[in-house]
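I opened my notebook to keep track of what I looked up in this model. Here are my entries, in the order I made them.

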Amino acid sequence: LAEELRLLRESTGQTVSRLEKQILMVDGERKQANSEANESVALLESARGELDKVTKAHQHAQRQLELAQATVRSQNETESVKRIQSLHARLKESEKARLELAAEVQTGRDFTTKLQKELHKSRQSETEL
């Protein structure tokens, strides 16, 4: 009986040790996932700020285009057409930059969602242990 008790204690100690190692590993993974999620959120916020700037520039270019179109009525036709073409090209560039930043923001959102799911799974694993 004493031998069985000693073996049981030894087996229990090994199981506890193994579970403690697993808990530490899962905790480390959770912390890493949390850190990556925080980095992703920071990048997303930065991209949103850039998107706001580009959107404002786009709106400004749009207003300039509208003003130029109104000016066409009172200016030399050739001069006005050149200005409108230039403003239209700037507007296209602004729209392209806005769309690129919008895509980056969406990529950041997708990555953040993925990290949040991984964090949730990690927490579930930790709870199960």
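I began with a term: I take a contact to mean heavy atoms within 4.5 Å. With that in hand, I looked at contacts in the chain between residues at least 6 apart in sequence, and 81% of them join residues at least 24 apart.

A note on what I am working with: this is a predicted model, where local features need pLDDT of at least 70, side-chain atom pairs count only at pLDDT 80 or more, and totals for chains, interfaces and linings use all residues. Residues are numbered from 1 along each chain as its sequence is written, and side-chain values use heavy atoms, with hydrogens and water left out.

**Overall form.** I found 2 helices and 0 strands in the chain (DSSP runs numbered from the N terminus, H or I of at least four residues for helices, E of at least two for strands). The chain is more spread out than a compact globule, because its radius of gyration is 30 Å, well over the 14 Å that the globule rule gives for 129 residues. That radius is taken over C-alpha atoms, and the rule is 2.2 Å times the number of residues to the power 0.38. Along the principal axes, the C-alpha atoms fill a box of roughly 110 × 15 × 15 Å.

**Burial.** I counted 20% of the 129 residues as buried (buried is under 20% relative accessible area, exposed over 50%, partly exposed in between, with a 1.4 Å probe and protein chains only).

**Cores.** Next I asked myself: which residues make up the largest nonpolar core? They are Leu44, Ala47, Leu51, Val54, Leu101 and Val105, 6 residues in all. Helix H1 (2–72) and helix H2 (77–128) each supply at least two residues of this core, and H1 gives the largest share, 4 residues. Apart from it lies another core of 5 residues, including Ala61, Ala68, Leu87 and Leu91. By nonpolar core I mean a set of buried Ala, Val, Leu, Ile, Met, Phe, Trp, Tyr and Cys residues joined through side-chain atoms within 4.5 Å.

**Two residues I checked.** Ser94 sits in helix H2. Is Ser94 buried or exposed? Ser94 counts as buried, because its relative accessibility is 12%. Leaving out residues up to four places away in sequence, Ser94 touches Val54, Ala57 and His58.

Thr55 is in helix H1 and counts as partly exposed, at 22% relative accessibility. I also compared Thr55 with Leu8: they are 47 residues apart in sequence and 69 Å apart in space, C-alpha to C-alpha.
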